[in-house]
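Here is a guided walk through a protein model made of chains. Keep the viewer open while you read, and find each part as it comes up.

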Amino acid sequence: MGSSILTATDLSKVVASAEGELTILHELSLELNKGDSLAIVGASGSGKSTLLGLLAGLDLPSSGEVTLAGQALSALDEDQRARIRAEHVGFVFQSFQLLDSLNALENVMLPLELDGRKDARERATQLLQRVGLGQRLTHSPRQLSGGEQQRVAIARAFAAEPDVLFADEPTGNLDSHTGERISDLLFELNQERGTTLVLVTHDERLAHRCRRLIRLEAGEMVAPLEP
Amino acid sequence: MARLPLLRLFSLAVRQLLRDARAGELRVLFFALLVAVAASTAIGYFGARLNGAMMMRATEFLGADLLLEGSSPARPEQIRSGTELGLEHARVVEFSSVVATDNGIQLSSVKAADDNYPLRGELKSTPAPFAPEETGGRPNPGEAWVEARLLTALDLKIGDSIDIGNQTLRLSRVLTYEPDRSGNFYSLTPRVLINLKDLEATGVVQPGSRVSYRDLWRGPAPALQTYRDLVKPGLEPNQRLQDARDGNRQIGGALGKAERYLNMASLVAVLLSGVAVALSANRFATRRFDASALLRCLGLSRRETMVLFSLQLTVLGLLASVSGALLGWIAQLGLFALLHDLLPTTVPPGGLLPAIAGIGSGLVALAGFALPPLAALGRVPPLRVLRRDMLPIPSSSWVIYGAALGALGLIMWRLSLDLVLTFALLGGGVVAALVLGGLLLLLLQSLRRLLARAALPWRLGLGQLLRHPLAAAGQALAFGLILLSMALIALLRGELLDTWQNQLPKNAPNYFALNILPNDKQAFTDKLLELSAQSAPLYPVVPGRLISINGEPATEFVTKDSAGDRALQRDLSLTWAADLPAGNVVTAGTWWPQQPPDDVPGVSVEGKVAENLKIKLGDRLVFSVGGVNREAKVTSLREINWDNFQPNFFMIFQPGTLKDLPATYLTSFYLAAGHDQQIVDLSRAFPAVTILQVEALLEQLRSILAQVTLAVEYVLLFVLAAGMAVLFSGLQATLDERIRQGALLRALGAERPLLVKARRIEFGLLGAVSGLLAALGSELVSLVLYRYAFDLPWHPHPWLLVLPLLGALLIGAAGVFGTRRALNASPLTVLREG
């Protein structure tokens with residue numbers, strides 16, 4: 001319990017809809033230690049993204065609690081949660097989500113700067129070299145291919161040395177070959193830096209590279225925590 | 001798929017529109033059009049109705065809508081054609097006559113009016129001198145209403161009798177106001193108003209006596225026009241037609257300027273709407289790229305796709321325009337209700353034209369600004385359904401800007417009806433936009449280098465601007481245009497008010513003194529000084545008639561019923577002066593140096609008269625003065641400011657020229673209200689001097705200017721509101737992208753203050769740059785406008801330099817407020833996308 005970085009206790013999410021209340025997640029609990037990797041799989045609408053949002057503190061549960069890096073998230077307001085995210089969390093998205101107005105280097109510098117780091121430029125340059133984009137520092141996102149954009153996103157996700165990295169369908173918008181290379185990169189970096197990885201995916205092969213796996217169906221966990 | 005019939009497309013378009021409306025997607029475009037059409041309709045109505053109201057006031061100066069004036073009675077058929085058209089008719093005969101009493105005699109200006117007089121406005125009178133005024137009524141047969149001056153001059157009181165010719169009349173009231181007493185100040189002596197039925201009994205009007213016959217007409221505009229057309233060809237040389245517009249120079253000038261100003265303001269409103277429509281139509285199109293690609297995949301042809309979206313926009317445009325016109329109509333009703341104390345009781349309703357023009361402007365703006373982005377929709381490749389990054393080939397910029405300019409030009413032309421001005425403004429606008437836009441691009445490029453190592457909020461805030469310099473320049477130009485429009489309207493408002501204010505300063509002369517005899521000249525001046533009345537110099541006046549130009553009879557030079565003709569029909573007030581009088585500017589030739597005249601003395605001629613009589617520098621003019629002919633050579637032409645209520649002269653001779661002739665003197669002076677007794681004393685001390693009070697006329701003019709001023713301020717408010725609405729719709733156009741960015745930055749851990757700071761920097765800088773553009777642009781445009789549209793002297797306006805600051809504050813605040821949804825966007829939305 002002492003080395004757990006992320007815990008969820010009895011998490012539920014209920015939203016109002018035209019047909020009355022709709023339960024998206026039902027009393028879900030889990031615990032992750034430093035360096036763990038967890039895959040969340042399930043059909044569309046099973047509640048995967050909702051769970052990811054709650055774990056990352058992007059949203060608050062209807063009931064239950066998430067503790068991230070020792071902080072109970074429901075006790076914090078949005079700006080305090082942003083602070084937690086800046087210090088402890090990294091993201092990789094399906095649609096890359098790079099800022100068009102910034103170039104590759106500036107995109108990677110962004111989380112470092114949000115954390116107030118002075119060596120942002122140097123570290124971002126090193127990371128981009130690490131993901132193989134050392135020659136593309138000043139390119140804008142529009143000038144990069146999908147695979148290259150996701151590499152920039154991965155570099156950005158690891159830039160601030162997060163404790164937990166959340167990845168939402170990281171290979172979903174890529175062809176299988178590029179997707180393979182991206183997931184290799186993700187796991188390499190994860191191992192190098194001892195980051196905890198939580199990823200949502202449809203891709204069973206990617207899911208099975210994680211040490212743990214949960215399967216969601218209609219908001220409930222149906223598979224054991226260990227693969 | 002088979003070709004879809006238009007009707008099917010139409011119903012599809014309407015259904016899609018309804019669906020989209022529910023989704024809230026088209027609200028921005030609808031709102032932009034609504035505001036624009038409402039503003040332009042309200043201004044249109046306001047202008048039209050106020051103009052109508054002011055025209056009605058102006059007709060009061062004539063006492064009628066139309067006036068047929070002559071030195072002989074109107075021919076029976078001239079009266080018959082008017083009555084047959086259903087026009088109301090009143091008849092007035094004016095002449096000078098001696099009023100005799102036991103106490104003495106006084107030359108007076110007698111007006112004999114029938115029972116219909118006046119047709120516009122009302123007489124005002126008091127039962128005793130300086131008693132409260134009552135409105136309405138007219139003297140009955142056997143009665144006379146006289147001005148208080150006559151009572152003073154002849155030591156009379158109400159109830160006494162006076163003789164005019166063979167007729168004895170009883171003084172029943174003191175006349176204080178005649179709606180049509182603008183006329184010619186210089187020929188006025190105390191007024192006596194009698195009933196027309198008594199005229200014959202006086203026996204004063206005989207063939208050959210100098211009499212003015214005035215037939216007053218009132219009725220609807222078309223009938224008046226018909227009457228005008230019928231009567232004009234048969235006018236006698238001594239007859240002329242007059243309506244409110246030629247009735248009074250001062251009012252004509254003020255009306256003309258106000259009308260141009262209101263048109264300018266509605267142009268600005270339409271301009272702003274154009275920007276708003278362009279921004280939101282662009283958003284409409286961009287958001288429909290996917291739908292368009294899908295429809296093409298489903299088998300719709302390019303043309304059908306285009307028609308479908310065009311129909312959607314057209315239906316939307318019609319709905320928005322009609323609602324906007326209705327809203328505008330209601331807005332102006334509210335304004336008139338608010339101002340009902342100040343305005344005449346009956347304000348003409350304004351008709352349907354302003355509403356139709358407003359709707360038309362809205363639709364033309366929609367077509368001009370929305371078609372180019374719409375055309376892009378037709379070019380969306382169907383492959384986009386598979387590859388979202390495929391964008392349509394952009395329209396050639398020539399098409400985009402050409403269409404927008406075409407639409408603008410059309411609207412401007414309709415509003416100002418002045419092609420030269422329209423093209424000057426459009427051309428100037430394009431050149432200014434290109435030059436300023438180029439400068440802006442350079443500025444942004446250099447800024448980009450400078451900011452590479454700036455702090456995070458600065459790079460976040462400016463990243464957007466610098467990464468897309470072309471879009472940023474466009475945005476700055478659009479915001480600049482809004483600020484420019486507002487600055488320009490404010491500028492013109494101030495300038496117009498100043499001009500009017502100068503025209504009627506607080507101490508504009510409110511009295512004229514005529515017939516001052518040479519012996520009384522010094523004493524009268526001393527008396528005025530004693531009263532500390534501000535007086536103009538005393539001008540000598542010798543009545544004279546122009547009889548020949550370069551040896552040819554002067555009448556050969558003019559056409560019947562022209563202004564030149566009228567100048568020849570009566571005695572001119574000839575004067576001489578060593579110095580150019582205030583308010584006069586020499587436009588050709590030179591004012592005489594201080595030296596004795598040559599053999600042939602010089603004369604300076606007023607420019608308009610010179611033009612009408614085709615008089616040039618060096619021409620020899622012969623005047624008949626008191627039975628003697630005098631020759632003079634034209635040495636200069638002058639332009640006169642007629643608005644200043646100072647004595648003005650068509651002909652000024654070199655000093656000494658007319659000295660041997662019997663002259664009287666005239667002047668104008670200002671004496672604050674409440675000095676009635678002093679005026680009475682003054683006229684007692686100088687019985688021969690005629691003192692005219694023009695206070696009533698000044699008051700009328702001031703109240704009209706107050707109305708115009710109010711209108712001008714209201715319109716400024718409207719343009720401001722339209723500008724703000726447009727600003728917000730402009731911000732809305734970038735909102736999608738900002739929400740996505742805001743959510744992402746939040747997800748990555750950015751706190752709200754950082755985002756707010758970045759926004760402030762972005763919009764503050766954008767506002768400052770827009771303000772700078774607006775300052776430069778306003779100076780440029782005002783230069784053109786002052787010169788060609790308003791005839792005002794131009795000088796630089798240093799205060800325009802507050803515009804960058806104002807822009808930074810205004811657009812900064814509006815930007816942060818308008819995009820607050822992006823700041824509050826839940827970071828969760830990043831997961832929902834893609």
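Let us begin with chain B, which holds 25 helices and 23 strands. Please keep in mind that this is a predicted model. Its scores are ipTM 0.76 and pTM 0.59.

**The two chains in outline**

How far apart in sequence are the residues that touch? In chain B, take the contacts between residues at least 6 apart in sequence: 85% of them join residues at least 24 apart. For chain A, among contacts with a separation of 6 or more, 68% come from residues 24 or more positions apart.

**How confident is the prediction in chain B?**

The average pLDDT of chain B is 77, and 76% of its residues score at least 70. Which parts of chain B have the highest and lowest confidence? Strand β6(B), residues 143-146, is highest at 92, while helix α7(B), residues 244-247, is lowest with a mean of 55. Residues 182-188 of chain B have a pLDDT below 50, and in the model this stretch makes 13 contacts beyond near neighbours in sequence.

Now zoom in on strand β7 of chain B, residues 161-164. Which of its residues are on the covered face, and which on the uncovered one? I162(B) and I164(B) make up the covered face, and S161(B) and D163(B) the uncovered one.

This strand pairs with two others. With strand β2(B), residues 88-101, β7(B) runs antiparallel, and 2 bridges join them. Here D163(B) is the bridge partner of A100(B). With strand β8(B), residues 167-177, β7(B) pairs in the antiparallel sense over 4 bridges. In this pairing I162(B) has L169(B) as its bridge partner. The strands β7(B) and β8(B) form a hairpin, with 2 residues between them. Look in the turn for G165(B), which has a positive phi of about 60°.

**A sheet in chain A**

Chain A has an open sheet of 4 strands, in the order β2-β1-β4-β5, with antiparallel pairing. Which strands sit at the edges? They are β2(A), residues 20-33, and β5(A), residues 71-72, each of which pairs on one side only. Further in, β1(A), residues 4-17, and β4(A), residues 63-68, run antiparallel and are joined by 5 bridges. One place to look is S12(A), whose bridge partner in β4(A) is S63(A).

In soluble globular proteins, nonpolar side chains tend to be buried together. The largest nonpolar core in this model has 179 residues, and the ones that touch the most other members are L55(A), V108(A), I154(A), F166(A) and V277(B). Helix α15(B), residues 469-503, gives the most to this core, with 16 residues. The core also draws at least three residues from each of domain 1 (1-61 + 248-417) and domain 3 (429-478 + 709-834) of chain B. Apart from it lies another core of 41 residues, which includes L514(B), F653(B), A663(B) and Y665(B).

You can pick out I154(A) and follow its contacts. Leaving aside its neighbours within four places in sequence, I154(A) touches V92(A), V131(A), L185(A), L186(A) and L189(A).

**A buried arginine**

Is R296(B) buried or exposed? R296(B), which lies in helix α9(B), residues 289-297, counts as buried because 21 other C-beta atoms are within 10 Å, and the cut-off for buried is 20 or more. Although R296(B) and R379(B) are 83 residues apart along the chain, 10.0 Å separates their C-alpha atoms.

**Where the chains meet**

How many residues of each chain are in contact with the other? On chain B there are 21, and they are in contact with 28 residues of chain A. The elements giving two or more residues to this side of chain B are α14 (456-467), α21 (735-747) and α25 (829-832). The largest share, 5 residues, comes from α14(B). By type, the residues on this side of chain B divide into 9 nonpolar, 6 polar and 6 charged.

Key: Residues are numbered from 1 along each chain as its sequence is written. Chains are lettered from A and ligands numbered from 1 in the order in which they are written. This is a predicted model: local features need pLDDT of at least 70, side-chain atom pairs count only at pLDDT 80 or more; totals for chains, interfaces and linings use all residues. A residue is buried if 20 or more other C-beta atoms lie within 10 Å of its own, exposed if 12 or fewer, and partly exposed in between; C-beta atoms are placed from the backbone. Two strands pair if DSSP finds at least two bridges between them. Two residues are in contact if their C-beta atoms, placed from the backbone, lie within 7 Å. pLDDT is the predictor's confidence in each residue, from 0 to 100. A nonpolar core is a set of buried Ala, Val, Leu, Ile, Met, Phe, Trp, Tyr and Cys residues joined through C-beta atoms within 7 Å. Domain bounds come from an automatic or database domain assignment. Ala, Val, Leu, Ile, Met, Phe, Trp, Tyr, Cys and Pro count as nonpolar, Asp, Glu, Lys and Arg as charged, and the others, Gly among them, as polar.
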